[in-house]
Amino acid sequence: MTTQTGKDLITIAISKGRVFEESLDLLASLNIQVVEKDLEGRKLLLSTSQPGIRLLVIRSKDVPTYVQYGVAELGIVGKDVLMEFTGGGIYEPVDLGIAKCRLMVAGMEPQLQNSTRLRVATKYVRSTQQHFAAKGLQVELIKLYGSMELAPVLGLADCIVDLVATGNTLKANGLTPIEHIADISCRLIVNKAAMKIKSATLRRLIEQFKLAAKG
Ligand code: PRP
């Protein structure tokens with residue numbers, strides 16, 4: 001196998017969790033397959049069928065950071081994560097159309113009462129602040145890291161802002177969708193400096209991702 005120098009090597013950061021399987025399917029359609037033995041263990045840096053391309057498997061929130069600092073030239077990450085990201089140094093050239101869902105306000109009441117100061121539980125602090133500020137509403141944010149659906153049920157918050165895909169989790173916990181904030185899907189991101197230094201390789205890959213993107 002040819003050994004790639006840092007100059008030729010492309011690292012793609014991808015999110016663990018729900019996005020992972022769909023990302024691997026998409027990469028397979030670009031003829032980038034993870035080496036089987038790397039998939040079996042707990043390796044976080046995975047070799048692929050293309051010697052010049054390796055994958056970095058990390059928490060979704062870390063993907064933009066790795067790409068910002070150029071440790072990974074490319075990243076595959078949800079728009080929900082990018083909406084929370086305040087760093088710079090990245091382009092977002094392709095909507096990959098995978099892992100589609102919606103960022104929504106949800107609660108136990110179909111209507112939110114505008115008169116009181118709402119308590120909103122979420123891990124999407126920035127998007128939530130922007131959403132309610134645009135409506136001229138001041139809200140009290142309660143930062144949670146998961147299982148947000150519990151918060152209105154147990155009286156911790158009036159409503160939540162969270163991702164909704166099938167709606168099953170809301171339904172199972174007696175919540176209803178109230179407001180749509182944004183359509184979410186995975187995006188391809190690229191380090192700006194790498195676009196200059198590894199221009200030809202990255203442009204070719206970006207074109208391939210565009211062709212493979214789900215409509
Ligand atoms: C996400 C999201 C909802 C659920 C929505 O949680 O936070 O809880 O999926 O999916 P559904 O509409 O198809 O039921 P995830 O499983 O990613 O874990 P989390 O609680 O850590 O966010």
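**Charges and burial in a predicted model**

Guide: In this predicted model, a patch of positive charge on the surface is formed by K16, R18, R42, R59, K61, K123 and K143.

Visitor: What makes R59 count as exposed?

Guide: The cut-off for exposed is over 50% relative accessible area. R59 has 54% relative accessibility, so R59 counts as exposed. R59 sits in the loop between strand 3 (53-58) and helix 3 (63-68).

Visitor: Why is the link between K37 and D38 called a salt bridge?

Guide: A salt bridge needs a side-chain nitrogen of Lys or Arg within 4 Å of a carboxyl oxygen of Asp or Glu. The closest N and O atoms of K37 and D38 are 3.6 Å apart, so the pair qualifies. D38 also meets K43 in a salt bridge, at 3.4 Å from N to O.

Visitor: Are D38, K37 and K43 buried, exposed or partly exposed, and how do you know?

Guide: Buried means under 20% relative accessible area, and D38 has 2%, so D38 is buried. K37 counts as exposed because its relative accessibility is 61%, against a cut-off of over 50%.

Visitor: Why is E179 called buried, and why is K135 called partly exposed?

Guide: E179 has 18% relative accessibility, which is under 20%, so E179 counts as buried. K135 has 39%, which lies between 20% and 50%, so K135 counts as partly exposed. Elsewhere, salt bridges that share partners join K79, E92, D95 and R187 into one network. The whole structure has 8 salt bridges.

Visitor: What makes A212 buried?

Guide: A212 has a relative accessible area of 16%, under the 20% cut-off, so A212 is buried. This residue is found in helix 9 (residues 199-212). Leaving aside neighbours within four places in sequence, A212 is in contact with L26, S29 and L30.

Visitor: How many of the 215 residues are buried, as a percentage?

Guide: Buried residues make up 45% of the chain. The secondary structure comes to 9 helices and 11 strands.

Key: Residues numbered from 1 in each chain as written. Predicted model: local features only at pLDDT ≥ 70, side-chain atom pairs only at ≥ 80, totals over all residues. Heavy atoms only, no water. Patch = residues over 30% accessible without salt bridge, like charges linked within 9 Å, V, L, I, M, F, W, Y side chains within 5 Å. Areas by Shrake-Rupley, 256 points an atom, 1.4 Å probe, with all protein chains shown as cover. Lys, Arg positive; Asp, Glu negative; His and termini not counted. Charge placed at Lys NZ, Arg CZ, Asp CG, Glu CD. Helix = DSSP H or I, 4+ residues; strand = E, 2+ residues; numbered from the N terminus. Buried < 20%, exposed > 50% of the residue type's maximum accessible area, 1.4 Å probe, protein only. Contact = heavy atoms within 4.5 Å.
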